[in-house]
Amino acid sequence: MKKILEIRDLKIHFNIAGGLFKPKQTVHAVDGINFDVFEGETIGIVGESGCGKSSLARGLCGLNKITSGSALFNNIDLATANSKEWNEVHKQMQFIFQDPVAALDPRMTVAEIIAEPLETLYPEMKKTAVMDKVLATMKLVGLSHNQINRYPQEFSGGQCQRIGIARALILEPKVLICDESVSALDVSIKAQIINLLQELQQKLKLTIIFISHDLGIVKHICNRILVMYLGNIMELGDKKSIYATPLHPYTQALLSAVPVANPNIEKNKQVQLLDGDLPSPLKPPQGCVFNTRCPQAIDKCHSERPQCRLINQHMVSCHILN
Amino acid sequence: MFIKAKNLNLETPKTKGFWLSVFGRLSKNKLAMTSAFIILALTILCICVPIFSSVAYDKTNWGEIMQSPSSGHLFGTDSLGRDLFVRCFIGGRITFGIAFAAAFVVLLVGIFYGAIAGYIGGRVDTIMMRIVDVLYGIPFLFFCILLITLFGNSMALSFIAIAAISWLDMSRIVRGQTLSIKHKEYVEAAMISGVSNFKIISRHVIPNLLGVVIVYAALTVPNMIVLSAVLSFFGLGVTEPMTSWGLLIADGSQNMQAWWLLLFPASLMIITLLSFAFLANGLRDALDPR
């Protein structure tokens with residue numbers, strides 16, 4: 001399989017400006033991660049709130065500045081790309097937002113919203129051609145052409161998300177980043193949008209980076225799964241083997257918390273609860289970032305940060321595994 | 001507006017443009033429409049009455065001092081025998097003029113200043129807003145008296161004083177709005193679509209800001225009217241024989257036995273203020289469809 005995105009030692013830090021008597025502080029949102037994304041796959045990024053998954057996604061499309069490291073996409077390094085290169089990236093990598101309604105300008109009609117990326121990135125295109133493309137894309141995502149002059153507030157959440165998807169797809173991108181794109185939707189609508197995404201992926205040969213905290217959906221849609229904790233990769237591997245044999249203690253705890261839709265199993269299930277909260281990304285712990293909550297932590301975990309190693313076909317960063 | 005499907009041969013239902021639908025909603029609000037009509041009528045009267053009236057506003061008539069309202073003098077006459085009807089509307093001219101002009105300056109400076117501070121952010125924002133904070137600390141009347149002692153009493157000066165103090169609120173409101181719009185997901189979506197900063201401001205930020213600004217402008221106009229009245233009441237700004245509603249009310253309050261001297265200018269002022277308040281209220285509802 002061909003690599004489409006190559007991420008090496010990527011760091012995204014945010015500086016919190018210090019006041020007169022306050023020192024400057026740094027949020028380590030993404031703290032040195034390595035992974036590749038292959039063409040045509042769906043990679044799921046999971047982790048609890050504040051683990052840096054959204055910062056990573058936003059960094060990949062230019063909404064957050066990459067502090068250091070590299071992210072190679074089509075021979076363009078996103079960490080150092082200039083605005084011209086970013087325009088090339090925008091043509092091929094698009095983003096679908098969490099809140100479908102907030103992502104649409106309430107002062108613009110559906111046609112204007114969907115056409116905006118095309119008109120901006122391909123200014124030489126004729127208006128009629130743009131309009132044809134808008135209509136074709138609307139059909140693709142299941143919107144009817146007579147809704148073209150409506151405003152976003154006239155639509156339901158699910159339809160708004162379809163408009164958002166149409167806006168992303170009109171550029172015919174290769175990569176689609178979905179940042180919690182279905183978590184704001186009702187369950188039935190969620191299923192529709194997930195099916196739509198899968199259908200579009202097959203039709204258009206899309207690569208999807210799917211960010212979610214809903215492990216059920218991730219299991220349904222993704223080929224590979226990346227587990228993040230406090231800006232670091234804990235485990236990365238094939239979906240089936242991650243769900244069947246999670247290696248990292250954090251992945252194990254995360255997966256044990258997923259409810260099972262069978263009352264008999266659910267009753268006897270052992271949920272492995274973690275103590276404490278996510279440590280502050282302002283001051284990540286020394287050594288392994290998970291050591292404050294890890295039930296199996298050893299001395300080495302407190303002193304040395306584990307590297308990602310290949311164990312049983314999983315990339316795992318943990319000292320206790322061999 | 002860069003794309004409209006009007007010219008395509010599609011069976012698209014005609015949906016109105018944004019401002020048309022706002023007007024549609026506003027026109028259903030009877031109170032707001034009545035208010036708008038009253039404001040319009042008063043403006044026309046202020047322009048026309050002094051032009052077409054047979055008596056000049058400063059024509060004294062010793063034979064008709066302190067006459068109560070009659071068919072000859074609709075609002076009666078004052079202590080110098082001048083016709084109050086004409087004086088009320090020439091005063092309205094001054095009051096409305098100062099209010100609208102000041103509101104215009106406030107809109108212009110306030111939006112400009114606030115949008116720059118909000119969009120650039122960071123240190124520029126901090127410095128610009130601290131300047132506003134400092135200006136807030138200057139008492140209005142003290143500021144006016146200072147201006148007048150320095151440059152002499154004139155109408156232009158009262159206009160400058162009002163505008164100089166009133167843009168502060170507007171710039172704060174615009175800055176706050178810009179800050180919140182800047183982080184909306186649709187602005188981020190536009191960034192990902194490669195839209196330039198200038199186009200983001202003109203296409204996404206300003207149209208979404210206008211609703212709040214228009215409502216606040218409608219609320220600012222009565223504020224200006226009150227301020228210019230306050231200035232006139234203290235004898236600053238407009239001077240005799242020219243007059244304004246504030247001066248007429250001050251005059252009337254000293255001659256309480258001639259009730260018409262207070263009643264007519266005061267009612268005109270109250271009607272105007274209420275109309276603006278109701279119009280602003282209606283605009284707010286009409287601009288926010290949700």
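This is a predicted model: local features need pLDDT of at least 70, side-chain atom pairs count only at pLDDT 80 or more; totals for chains, interfaces and linings use all residues.
Local features here need pLDDT of at least 70, side-chain atom pairs count only at pLDDT 80 or more, and totals for chains, interfaces and linings use all residues. Residues are numbered from 1 along each chain as its sequence is written, chains are lettered from A in the order in which they are written, and side-chain values use heavy atoms, without hydrogens and water.

Student: How far apart do the C-alpha centres of domain 1 and domain 2 of chain A lie?
Tutor: Chain A is divided into domain 1 (1–211) and domain 2 (223–322), with bounds from an automatic or database domain assignment. Their contact (heavy atoms within 4.5 Å) takes 30 residues from domain 1 of chain A and 20 residues from domain 2 of chain A. The C-alpha centres of these domains lie apart by 27 Å.

Student: Which element gives the most to the lining of the largest pocket?
Tutor: The lining has 28 residues, with A:Ile33, A:Asn34, A:Ile233, A:Cys308 and A:Met315 nearest the centre of the pocket. Strands are DSSP runs (E, at least two residues), and β1 (3–16), β2 (25–38) and β10 (232–238) of chain A each give two or more residues. With seven residues, the element that gives the most is β2(A).

Student: Which residues of chain B form one aromatic cluster?
Tutor: Rings of Phe, Tyr and Trp (its six-membered ring) pair if their centres lie within 6.5 Å. By this rule there are nine aromatic pairs over all chains. One cluster is formed by B:Phe96, B:Phe100, B:Trp245 and B:Phe276.

Conventions. On a 1 Å grid over the protein atoms alone, a cavity is a set of points where a 1.4 Å probe fits but cannot get out, and a pocket is an open set with protein on both sides within 12 Å along at least five of seven lines; lining residues have an atom within 4 Å of a point. Helices (H or I, at least four residues) and strands (E, at least two) are DSSP runs, numbered from the N terminus. Rings of Phe, Tyr and Trp (its six-membered ring) pair if their centres lie within 6.5 Å; planes under 30 degrees apart count as stacked, over 60 as edge-to-face and the rest as tilted.
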